[in-house]
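This briefing goes through a structure by topic. The sequence and the model come first, and the notes follow.

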Amino acid sequence: MDFLLSLYISCITPEKYWEEYPIGLFTSAQEVDMVIKRLTSDGGKFSKSHCKIRIERIKVVGKSKNIECVYRFYGQNIDSSAVGDIIESPCFVEKSVAVKELMKAKIETPRQKWNLETYIIGKSNW
């Protein structure tokens with residue numbers, strides 16, 4: 001596996017602005033389709049809202065055969081909404097590699113806030 005599919009659903013809130021929800025990382029378009037159908041069907045979390053679907057391909061770094069989770073880091077400046085002000089890493093198979101790359105990114109591209117996330121592949125956040 002060279003990449004994972006990251007699924008996001010954006011919905012309009014009662015205050016009339018769009019909010020994007022990260023749903024999860026998946027290995028195939030079939031998995032993504034099943035999750036979308038479940039979440040947008042009658043009674044699903046996003047069934048009554050006007051929603052948009054976004055699917056992004058995320059590169060996987062490391063030997064990715066039979067893995068259950070990956071690691072990804074983010075950096076952002078809290079007070080800025082400038083395009084390109086958020087750093088998103090690829091997915092790393094090994095946590096030690098993700099931490100090493102995070103430390104390098106902190107030095108090369110300072111940000112106010114950094115976080116390292118663990119994702120279970122195929123698990124929906126909703």
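## Largest pocket and other features

The largest pocket is lined by Tyr8, Glu20, Pro22, Tyr74, Glu88, Asn115, Glu117, Tyr119 and Asn125. A pocket here is an open set of points on a 1 Å grid over the protein atoms alone, where a 1.4 Å probe fits, with protein on both sides within 12 Å along at least five of seven lines; lining residues have an atom within 4 Å of a point. The model is predicted: local features need pLDDT of at least 70, side-chain atom pairs count only at pLDDT 80 or more, and totals for chains, interfaces and linings use all residues. Residues are numbered from 1 along each chain as its sequence is written, and side-chain values use heavy atoms, with hydrogens and water left out.

**Pocket**

- The volume of the largest pocket is about 190 Å³, taken as the space filled by probe spheres set on the grid points, which are joined across faces, edges and corners.
- Two or more lining residues come from each of β2 (18-26) and β7 (113-120).
- With three residues, β7 gives the most to the lining.
- The lining has four nonpolar, two polar and three charged residues. In this classing, Ala, Val, Leu, Ile, Met, Phe, Trp, Tyr, Cys and Pro are nonpolar, Asp, Glu, Lys and Arg are charged, and the others, Gly among them, are polar.

**Fold and confidence**

- The protein chain has two helices and seven strands; these are DSSP runs numbered from the N terminus, helices being H or I of at least four residues and strands E of at least two.
- Along the sequence the elements run β-β-α-β-β-β-β-α-β.
- The C-alpha trace spans about 45 × 40 × 15 Å along its principal axes.
- Of the 126 residues in the chain, 36% are buried (buried is under 20% relative accessible area, exposed over 50%, partly exposed in between, with a 1.4 Å probe and protein chains only).
- Mean pLDDT, the predictor's confidence in each residue from 0 to 100, is 90 for the chain, and 94% of the residues score at least 70.

**Cysteines**

- One disulfide is found in the whole structure, a disulfide being a pair of cysteine sulfur atoms within 2.5 Å.
- The disulfide joins Cys11 and Cys51, with the sulfur atoms 2.2 Å apart; the link is right-handed, with 95° about the S-S bond.
- Cys11 lies in strand β1 (residues 3-12) and Cys51 in strand β3 (residues 51-61), so the link ties together parts 40 residues apart in sequence.
- Cys11 is buried at 4% relative accessible area, while Cys51 is partly exposed at 22%.
- The cysteine sulfur closest to that of Cys69 belongs to Cys91, 11 Å away and too far for a bond.
- Cys69 is partly exposed at 23%, whereas Cys91 is buried at 0%.

**Serine contacts**

- Ser10 is in strand β1 and is buried, with a relative accessible area of 14%.
- The side chains of Ser10 and Glu20 make a polar contact at 3.4 Å; such a contact is a pair of N or O atoms within 3.5 Å, where within protein one must be able to donate a hydrogen and the other to accept it, and residues adjacent in sequence count only if both atoms are side-chain atoms.
- Glu20 is also one of the residues lining the largest pocket.
- Ser41 sits in the loop between α1 (29-40) and β3 and is partly exposed at 33%.
- A polar atom of the Ser41 side chain lies 3.1 Å from the backbone oxygen of Arg38.
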